[in-house]
Amino acid sequence: MHGVPQREATKFLKTGRAGEIKKKFSVGVRTKNLFAILLILGSDLIILYLSLILAYFTRLYVLPQVHLAFQSTITPESLLNIWWFPLLCVIVLAREGLYHGRKPFWQEIQAIIRGITWAIFFTIFVIFINKSANVNSRPLILMTYVYLVIIFPIIRMFFKKLLVKIGLWKKPIIILGTRKAAHLISSALSRESNMGFYPMGLLEYNNQKEKGTSDSNHDIPVLGKFADATEVLKRTNVKDVIIVAPDMDDLELVDLTNKLQKCANVMLIPSLVGLPLTSIKIGYFFNEKTLILSINNNLASVSNRIFKRIFDLSVSLLLLPIILPILGVIALAIRVDSKGPVIFAQKRVGHGGKTFNCFKFRTMIMDAQKVLENILDSDPQTRKEWEADFKLKNDPRITRVGKFLRRTSLDEFPQLLNVMLGQMSFVGPRPIIEDEIEKYGSYFQDFTMVLPGITGLWQVSGRNDVSYDERVQLDIWYVRNWSLWLDIEILLRTVSVVLNGKGAY
């Protein structure tokens with residue numbers, strides 16, 4: 001467990017050392033967190049000013065001969081005239097909740113990029129209104145934006161992890177729920193370590209021991225029951241709680257939340273598994289005190305589909321000059337390694353249920369289908385494995401070069417042509433063969449709403465280590481929760497997964 005040993009977290013309830021524990025988990029935590037916020041703010045300002053200076057020298061020495069339609073003279077005065085830009089960024093980032101709030105990693109990255117983008121727009125607007133373009137270099141501002149989008153989130157994340165490691169950004173949280181739920185929340189908080197939360201203890205929803213759980217396999221100390229919540233919070237002065245009790249009566253939940261809000265910040269995980277998350281908008285009926293969740297299907301919007309297509313084409317054009325030499329090297333290696341064509345085309349099911357030729361580098365020997373049939377006829381265990389996932393972990397048909405290409409996902413590169421032809425997207429559900437349609441059941445209509453992708457949630461969630469049922473759920477979750485940021489997040493996570501090579505065969 002992070003931070004507080006179990007014996008120490010539970011001892012205060014029995015010994016009455018309320019004052020000492022309250023001091024330890026209240027004053028110390030508040031002071032450290034305030035200091036951490038000041039350090040993060042100071043670090044952000046340093047990064048912002050350094051990015052501005054780096055952009056200045058890049059424009060001055062690296063791109064001195066570039067002639068642009070919006071080019072203006074670059075001088076030291078250009079740098080001094082926007083000295084206020086980093087301060088504006090900090091104000092916008094504060095408005096995004098990036099100093100007092102704690103967000104999961106990818107949500108924080110999104111908020112950072114959104115904040116910096118708004119600050120850049122406002123800066124350009126001020127320059128335009130003041131008619132000072134002749135003394136303010138617009139290429140300098142654009143270069144600053146490029147550096148900030150790349151450098152700022154990375155350094156900020158590493159700095160926060162450092163603060164967590166030395167204990168300045170750590171903050172105790174109490175979980176209200178079942179032991180199984182508490183274990184899941186604890187795992188999530190451990191994975192999202194940049195948030196700095198560590199579970200100090202659990203207040204159990206009921207006395208029933210859950211199936212498959214025991215006191216020994218959960219390292220979160222049990223501080224009492226839901227009825228003890230107010231007293232426990234007063235004694236520890238912990239200011240953050242998270243409620244996860246899907247079986248709790250609605251009126252009980254409302255009453256508990258209202259009581260806890262008097263002394264703590266409450267995070268509630270409702271029992272809405274399966275509903276789209278990124279498209280939910282919250283409203284309410286004031287007089288009836290009723291919450292309204294508006295749920296939109298983002299991909300049902302024609303404008304969103306057009307925007308996704310523009311994004312695919314833009315990324316394709318950027319990547320094409322980079323990967324063309326790589327494609328040539330891979331093609332040569334395949335030719336040398338085994339007989340047969342370099343490119344393999346297979347019929348896959350795509351948007352609207354229509355089939356198309358999905359291109360890949362050939363990774364198998366010739367007559368692979370015939371070899372597969374012979375293997376499945378002679379080995380019942382292998383047939384069972386194939387029918388479960390349409391994959392073989394140790395497939396004897398794969399060539400030496402093919403093993404490398406699959407492990408690194410380089411065999412997918414020819415699908416860039418499918419993207420440019422409008423048959424695939426960079427991010428989307430995994431393209432399937434017709435024999436797999438029955439695996440999707442009633443979800444098949446959701447699957448056909450969007451172009452299949454070169455990468456997707458399946459690829460960044462374990463790839464072939466994920467069961468087929470889980471793969472279907474991941475595909476459908478993507479379709480129902482699509483956003484441009486989700487595509488960007490998956491693309492960035494794909495790079496890490498490919499380098500790791502986990503689940504690839």
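User: In this predicted model, which residue is the bridge partner of I243 in strand 5?

Analyst: Strand 4 (residues 240–244) and strand 5 run parallel and are joined by 4 bridges. I243 has its bridge partner in strand 5, and that partner is L268.

User: In what order do the strands of the open sheet lie?

Analyst: The open sheet is formed by 5 strands with parallel pairing. Its edge strands, each pairing on one side only, are strand 3 (222–225) and strand 5 (265–268). Neighbouring strands are turned by 30° against each other on average, direction ignored. The order is 3-2-1-4-5.

User: What angle does the direction of helix 7 make with that of strand 2?

Analyst: Helix 7 (residues 179–191) packs on the sheet and touches strand 1 (171–177), strand 2 (197–204), strand 3 and strand 4. Its direction and that of strand 2 make an angle of about 175°.

User: Which strands does helix 9 touch?

Analyst: Helix 9 (residues 250–260) also packs on the sheet, its direction making about 175° with that of strand 4. The strands it touches are strand 1, strand 4 and strand 5.

User: How many residues apart are E204 and K225?

Analyst: The side chains of E204 and K225 meet in a salt bridge, with 2.7 Å from N to O. E204 is in strand 2 and K225 is in strand 3, so the pair links distant parts of the chain. The separation is 21 residues.

User: Is E204 buried or exposed?

Analyst: The cut-off for buried is under 20% relative accessible area. K225, the salt-bridge partner of E204, has 26% relative accessibility and therefore counts as partly exposed. E204 has 7% and therefore counts as buried.

User: Why does the salt bridge of K360 and D411 tie together parts that are 51 residues apart in sequence?

Analyst: The side chains of K360 and D411 meet in a salt bridge at 3.4 Å, N to O. The parts tied together are 51 residues apart because K360 lies in strand 9, whereas D411 lies in the loop between helix 13 and helix 14 (415–420).

User: What is the relative accessible area of K360?

Analyst: K360 also forms a salt bridge with E412, where the closest N and O atoms are 3.9 Å apart. E412 is in the loop between helix 13 and helix 14, 52 residues from K360. Both K360 and D411 are buried. For K360 the relative accessible area is 15%.

User: Which residue is the bridge partner of Q346 in strand 9?

Analyst: Strand 8 (residues 343–349) and strand 9 (residues 355–361) run antiparallel and are joined by 7 bridges. They form a hairpin with 5 residues between them, and G352 in the turn has a positive phi of about 70°. In strand 9, Q346 has as its bridge partner C358.

User: At what angle do the axes of helix 10 and helix 13 cross?

Analyst: The axes of helix 10 (residues 302–337) and helix 13 (residues 400–408) come within 8 Å. I330, A333, I334 and D337 of helix 10 make the contact with R400, V401 and L405 of helix 13. These residues divide into 5 nonpolar, no polar and 2 charged. The crossing angle is roughly 150°.

Definitions and conventions: Residues are numbered from 1 along each chain as its sequence is written. This is a predicted model: local features need pLDDT of at least 70, side-chain atom pairs count only at pLDDT 80 or more; totals for chains, interfaces and linings use all residues. Side-chain values use heavy atoms; hydrogens and water are left out. Axes are lines fitted to C-alpha atoms, for helices over the stretch in contact, and angles run from 0 to 180 degrees between N-to-C directions. Helices (H or I, at least four residues) and strands (E, at least two) are DSSP runs, numbered from the N terminus. Contact means heavy atoms within 4.5 Å. Ala, Val, Leu, Ile, Met, Phe, Trp, Tyr, Cys and Pro count as nonpolar, Asp, Glu, Lys and Arg as charged, and the others, Gly among them, as polar. Two strands pair if DSSP finds at least two bridges between them. A salt bridge is a side-chain nitrogen of Lys or Arg within 4 Å of a carboxyl oxygen of Asp or Glu. Buried means under 20% relative accessible area, exposed over 50%, partly exposed in between (1.4 Å probe, protein chains only).
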